[in-house]
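My notes follow in the order I ended up writing them.

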Amino acid sequence: MRLIVAPMAQMIGVLWYGWTGEAKPATAEMLACPDTARVCQLGDSGASLRFATPPVHGKPFEIEVSGTGETPMARFEMPGMDMGVPPYRLIPAGDRSWTARVMLPVCASGARDWDMRVDVGSKAYVLRFTAR
């Protein structure tokens with residue numbers, strides 16, 4: 001039995017790594033940016049985040065991270081619910097700028113609060129926002 005479990009555990013680990021792209025840093029810094037229309041600084045990293053278009057359920061919107069040479073990854077989670085949203089690897093959009101076009105599902109319960117986790121290198125940040 002142990003001969004089957006070990007390879008399966010390794011395979012699951014490889015699949016998880018391939019799905020998420022890399023291991024998440026252990027802790028994330030909560031950001032206090034109540035206005036999603038404005039630029040939000042990512043801690044003391046020198047990088048910033050902004051919604052290029054407002055976040056709306058069921059419609060594409062864009063996020064931008066600038067001020068970093070490392071490829072950012074964004075994950076969206078609804079507090080207390082698994083919405084099955086895959087991670088987004090931002091793509092280059094110019095000098096130390098990155099962008100992603102995101103589409104969030106509509107929650108059957110009507111909830112609209114989301115946590116966006118942005119990983120940049122070994123640092124992670126979480127921004128809570130409400131989609132329209």
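I started with charged pairs, and for these I took a salt bridge to be a side-chain nitrogen of Lys or Arg within 4 Å of a carboxyl oxygen of Asp or Glu. I keep in mind that this is a predicted model.

**Entry: salt bridges**

I looked up D119 and found a salt bridge with R117, with the closest N and O atoms 3.0 Å apart. Buried or exposed, I wondered about D119? D119 is buried, at a relative accessible area of 2%. R117 has 14% relative accessibility, so R117 counts as buried as well, the cut-off being under 20%. I then noted that R75 joins in: R75, R117 and D119 are linked in a network of salt bridges.

How many salt bridges does the rule give? The count comes to seven.

Next I checked D115 and R128, whose side chains meet in a salt bridge at 2.6 Å, N to O. This pair links distant parts of the chain, with D115 in strand 9 and R128 in strand 10, 13 residues apart. D115 is buried at 14% relative accessibility, while R128 is partly exposed at 45%.

I also wrote down D35 and R38, which form a salt bridge at 3.2 Å, N to O. D35 comes out as partly exposed, with 34% relative accessibility. R38 is exposed, its relative accessible area being 59%.

**Entry: the chain overall**

I went on to the secondary structure, which comes to one helix and 10 strands. Reading from the N terminus, I get α-β-β-β-β-β-β-β-β-β-β. Of the 132 residues, 35% count as buried. I put the accessible surface of the chain at about 8,100 Å², with 58% of it belonging to carbon and sulfur atoms. Among contacts with a separation of 6 or more, 57% come from residues 24 or more positions apart.

**Entry: the mixed sheet**

I traced an open sheet of five strands in the order 1-10-9-5-6, with mixed pairing. Strand 1 (29–30) and strand 6 (88–89) stand at the edges with a single partner strand each, so one side of each has no neighbour in the sheet. Inside this sheet I followed strand 9 (residues 113–120) and strand 10 (residues 123–130), which pair in the antiparallel sense over eight bridges. Which residue of strand 10 stands opposite V118? I found Y125 there.

I found another open sheet, with five strands in the order 2-3-4-8-7 and antiparallel pairing. Its edge strands are strand 2 (40–41) and strand 7, each of which pairs on one side only.

I looked at strand 8 from both sides. Strand 4 (residues 61–66) pairs with strand 8 (residues 97–102) in the antiparallel sense, over six bridges. F61 has V102 as its bridge partner in strand 8, and E64 stands opposite T99. On the strand 7 side, two bridges join strand 7 (residues 91–92) to strand 8, again antiparallel. I91 also stands opposite T99 in strand 8, which puts T99 in both of my pair lists.

Last, I looked at the turn. Strand 7 and strand 8 form a hairpin with four residues between them. In that turn I noted G94, with a positive phi of about 130°.

Notes: Residues are numbered from 1 along each chain as its sequence is written. This is a predicted model: local features need pLDDT of at least 70, side-chain atom pairs count only at pLDDT 80 or more; totals for chains, interfaces and linings use all residues. Side-chain values use heavy atoms; hydrogens and water are left out. Two strands pair if DSSP finds at least two bridges between them. Buried means under 20% relative accessible area, exposed over 50%, partly exposed in between (1.4 Å probe, protein chains only). Contact means heavy atoms within 4.5 Å. Accessible areas come from the Shrake-Rupley method with a 1.4 Å probe; for residues, only the protein chains shown count as cover.
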